[in-house]
Amino acid sequence: MSIQLPLKISGTFLDEISHDIPHQNWGKKEWDADFAHMAKMGIDSVFLIRSGYKRFLTYPSNYLIEQQGCYEPPTDLVEMYLVLAEKYSMDFYFGTYDSGLYWETGNMLHELDCNKYVIEEAYKKYGHYKAFKGWYLSLELSRKTKGSVEAIASLGRQCKDVSGGLPVMISPWIDGKKAVLAAEGKLAKQDIVSLQTHYQEWDEIFDGIKNDVDTVAFQDGHVDYHELEHFLNINKELADKYGLNSWTNIESFDRDMPIKFLPIKFEKMLLKLKAAQKAGCSKAITFEFSHFISPQSAYLQAGHLYNRYMEYFNEEN
Amino acid sequence: MSIQLPLKISGTFLDEISHDIPHQNWGKKEWDADFAHMAKMGIDSVFLIRSGYKRFLTYPSNYLIEQQGCYEPPTDLVEMYLVLAEKYSMDFYFGTYDSGLYWETGNMLHELDCNKYVIEEAYKKYGHYKAFKGWYLSLELSRKTKGSVEAIASLGRQCKDVSGGLPVMISPWIDGKKAVLAAEGKLAKQDIVSLQTHYQEWDEIFDGIKNDVDTVAFQDGHVDYHELEHFLNINKELADKYGLNSWTNIESFDRDMPIKFLPIKFEKMLLKLKAAQKAGCSKAITFEFSHFISPQSAYLQAGHLYNRYMEYFNEEN
Amino acid sequence: MSIQLPLKISGTFLDEISHDIPHQNWGKKEWDADFAHMAKMGIDSVFLIRSGYKRFLTYPSNYLIEQQGCYEPPTDLVEMYLVLAEKYSMDFYFGTYDSGLYWETGNMLHELDCNKYVIEEAYKKYGHYKAFKGWYLSLELSRKTKGSVEAIASLGRQCKDVSGGLPVMISPWIDGKKAVLAAEGKLAKQDIVSLQTHYQEWDEIFDGIKNDVDTVAFQDGHVDYHELEHFLNINKELADKYGLNSWTNIESFDRDMPIKFLPIKFEKMLLKLKAAQKAGCSKAITFEFSHFISPQSAYLQAGHLYNRYMEYFNEEN
């Protein structure tokens, strides 16, 4: 019997409109080089983390600039990413707009309103690119936002309606001990979800989204390394029950350190890749390559992580 | 009609005695290279952020070492900066001493006492350098410190008296939503100043300093990007009313991120430069080049910011 | 009379199993290069900060993996360090295991239980290496943990019993104003120890450990630079009284900055080396070379610190 290799990372988010990770100020040359590094590592799909955040945009959206007071962006990143995705034979998933209000209020109505226009506009503008292969709903669900299930489902439905049924992905978080805000001083909290409650709540949520979402890739960084496999097993079981794809979103930054955030230790990433393999996840994506794994990242630890990763999979193969 | 370019940055602070930005440990070779990078970008003036902070000094001040218990510095940075400023045809502004007490107590008396000696000593020691072109009062005013208006004015007067009237600059902060301490966990606060209150309070402050200060360069990072122009307009209107120069201090670090602080996204800098142009600021300086814009900064994002900045102004011109 | 040079750094911790410093993801090539840099700077001894932390290990310990649920490490770092120490003629000190429980509960019983096995296992596995020259007790004492004196002593005794009396080192912290947690927002606190209380409490502690510990290297970063010499004098006086070696542990990271932690300013390091010289410390070690002083550190400020250090001691000599 042959030994099973850990799951390899074959997708990454693109975090250009950033919530809490400082910008690298790359131009086209650096982005092209980064896609080349990704391809070499085996990445075949890229996911725009969001097309806009508050007033900042990745593409010149008439609707968001004129109706929502967003700033006109200096470059069209969506177009650039689509061209690069095509060049490197990758699938591109478009991330919806995030006004920031949902994070503050828990209310998704405004997000739904805005994205009705954004989804249509984006598909009209960029849907003809061969690399445009799906949608990523940037509004992160968790147990605390169960009330938003119908909103998420309707957003997914809209994406599909507009694009002839292109697949829709979400990446929720587990309410584990590391589910604290980046701006908070502490690294862990006490009041965390049990496996049983996680099962019950997500059973309900998956049931509500099953027709309008194709893929669920849970963020894997909020629980401890030895707990992860148990959560991934539940996620897989529920995904199978409702006919969804169960991916994993391997966080490549380290949640255990006071600097929020720098690249993760390779050993920790490996533990998570092994857990994903055991739980039967069908694909591993990461948040995200360009800051935390890329050889040209401003965080030099990232390049060493890349080297350790490449060594590991080349030596083992 | 020709399109107006955003204001270009033509000055930078030198942050060698640091409050909250980690040191780069540069020697003379690195500082010389940095001045060369500055010159290439169009910087013609440098402002020493402070000549000393608590017990750490930029120059071997007999007064501060013997009377105030400061540490003898391993090198004379003021002399080095003056020589480099002369080499690269830049104006050098000397920043006053900051004992740290004012930040803790809000009381400026001790600062006045110390700086009476420091200003005299510094001008005697360095006033003969051709590059010595003015003074920067390092005690940052804001609405909370209105009571210090007379103190600031008397400090300015002293600088002028000692140096035959060399110009005096201050760089206050706007009490906006991002006016939180670097060591605080949060990134924004609720209790912020309105435009009207800003006008009223600074009308009073400008009136009090008009004879003893020449230039006001407000820090531009405490309000949101779309609010900035309105504040800059008020600043300009008040500066004109009282015969002061209205510059802007473009912060080149990012206040929106949990790591405090890394280089700002170029798009954000550009928004601020455009707002400064529209508001009619006559000069843009930055805090600060060496950590946040320099191609040799330890933060590699800074070099990319430099490249984006150079591209932008070369392509547009 | 010749002028006394500051004490030179001749030892460093190896912080591979990290508490609060992000990992660099180095492989064997990078570690070999790092030992070469250390040797060039005059380092002759390395101290493993801990052999394991919580579930993460530096070596494949059967006991910790099978009995304590630790993760099997991807490489044997202890072996690699011993081989490198031998190659570069350095002494290696083995750091005990830290389960994390002591930090949370203040209770040392579990640490004693675990380390009884770890110490034996480690010496059996690695004691034959010529570079294996001593032990470092990773459980950091301070005044708050006076109750643990007997525990520390018994741990030291065990190390000696197992290894034919190899020397034992500890590195306690002074309860000064910078003794705050890395994850806390603030940089300093009010409730600090006086010199007198420091003397009294450590007099008692030293008395309790004098037979089982050889060397005490206090961390030097929790008090202000001008206070340090006074504390070092007391430490030296007490060490002499009880026949212990009095080293100093020069922290090479900066505790005064909001980013926790980046390399220290050279001037600050120099103040501390001078204070150590004056107080008669017989050796200076640092926490730690690879992140904060190494020319290949991901923090580029470290390489400049290395250059400043080398310049200083070469020019002065």
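This note sets out points on the chain interfaces and the strand arrangements of a predicted model.

1. The interface of chain C and chain B. On the chain C side, 22 residues make contact, and they meet 28 residues of chain B. Together the two chains bury about 2,100 Å². Carbon and sulfur atoms give 63% of that area.

2. Polar and charged pairs between chain C and chain B. The rule finds 1 salt bridge across this interface. Its partners are C:R308 and B:E30, with the closest N and O atoms 3.7 Å apart. The rule also finds 5 residue pairs in polar contact between chain C and chain B, both residues of a pair being at pLDDT 80 or more.

3. Elements on the chain C side. Three helices of chain C, α8 (225-242), α9 (266-278) and α11 (300-316), each supply at least two residues of the side that touches chain B. Of the elements there, α11(C) gives the most, with 5 residues. By residue class, the side of chain C that touches chain B comprises 10 nonpolar, 4 polar and 8 charged residues.

4. The interface of chain B and chain A. Here 24 residues of chain B are in contact with 28 residues of chain A. The area buried between chain B and chain A is about 2,100 Å², with 63% of it on carbon and sulfur atoms.

5. Polar and charged pairs between chain B and chain A. The count is 1 salt bridge. It joins B:R308 to A:E30, and the closest N and O atoms are 3.7 Å apart. Polar contact is found for 5 residue pairs across the interface of chain B and chain A, again with both residues at pLDDT 80 or more. On the side of chain B that touches chain A, helices α8 (225-242), α9 and α11 (300-316) of chain B each supply at least two residues. The residues of that side divide into 12 nonpolar, 4 polar and 8 charged.

6. The barrel of chain B. In chain B, 8 strands form a closed barrel in the order β1-β2-β5-β7-β8-β9-β10-β11, and the pairing is parallel. Neighbouring strands of this sheet are turned against each other by 30° on average, direction ignored. One of the pairings is that of β5 (residues 91-95) with β7 (residues 132-136) of chain B, which run parallel and are joined by 4 bridges. B:F94 stands opposite B:W135 in β7(B).

7. Helices lying on strands of chain B. Helix α6 (residues 149-163) of chain B lies across β7 and β8 (168-170), and runs at about 150° to β8(B). Helix α9 (residues 266-278) of chain B lies across β1 (9-14), β10 (245-251) and β11 (284-287). The angle of α9(B) to β10(B) is about 175°. Helix α9 of chain B also supplies at least two residues of the side that touches chain A.

8. The open sheet of chain C. In chain C, 3 strands form an open sheet in the order β4-β3-β6, with mixed pairing. Strands β4 (56-57) and β6 (97-98) of chain C each have a single partner strand, so one side of each is left without a neighbour in the sheet. Strand β3 (residues 52-53) of chain C pairs with β4(C) in the antiparallel sense over 2 bridges. In this part of chain C, C:Y53 stands opposite C:F56 of β4(C).

Terms used: Residues are numbered from 1 along each chain as its sequence is written. Chains are lettered from A and ligands numbered from 1 in the order in which they are written. This is a predicted model: local features need pLDDT of at least 70, side-chain atom pairs count only at pLDDT 80 or more; totals for chains, interfaces and linings use all residues. Side-chain values use heavy atoms; hydrogens and water are left out. Contact means heavy atoms within 4.5 Å. Buried area is the accessible area (1.4 Å probe) that two parts lose on being put together, summed over both. A salt bridge is a side-chain nitrogen of Lys or Arg within 4 Å of a carboxyl oxygen of Asp or Glu. A polar contact is a pair of N or O atoms within 3.5 Å; within protein, one must be able to donate a hydrogen and the other to accept it, and residues adjacent in sequence count only if both atoms are side-chain atoms. Ala, Val, Leu, Ile, Met, Phe, Trp, Tyr, Cys and Pro count as nonpolar, Asp, Glu, Lys and Arg as charged, and the others, Gly among them, as polar. Two strands pair if DSSP finds at least two bridges between them. Axes are lines fitted to C-alpha atoms, for helices over the stretch in contact, and angles run from 0 to 180 degrees between N-to-C directions.
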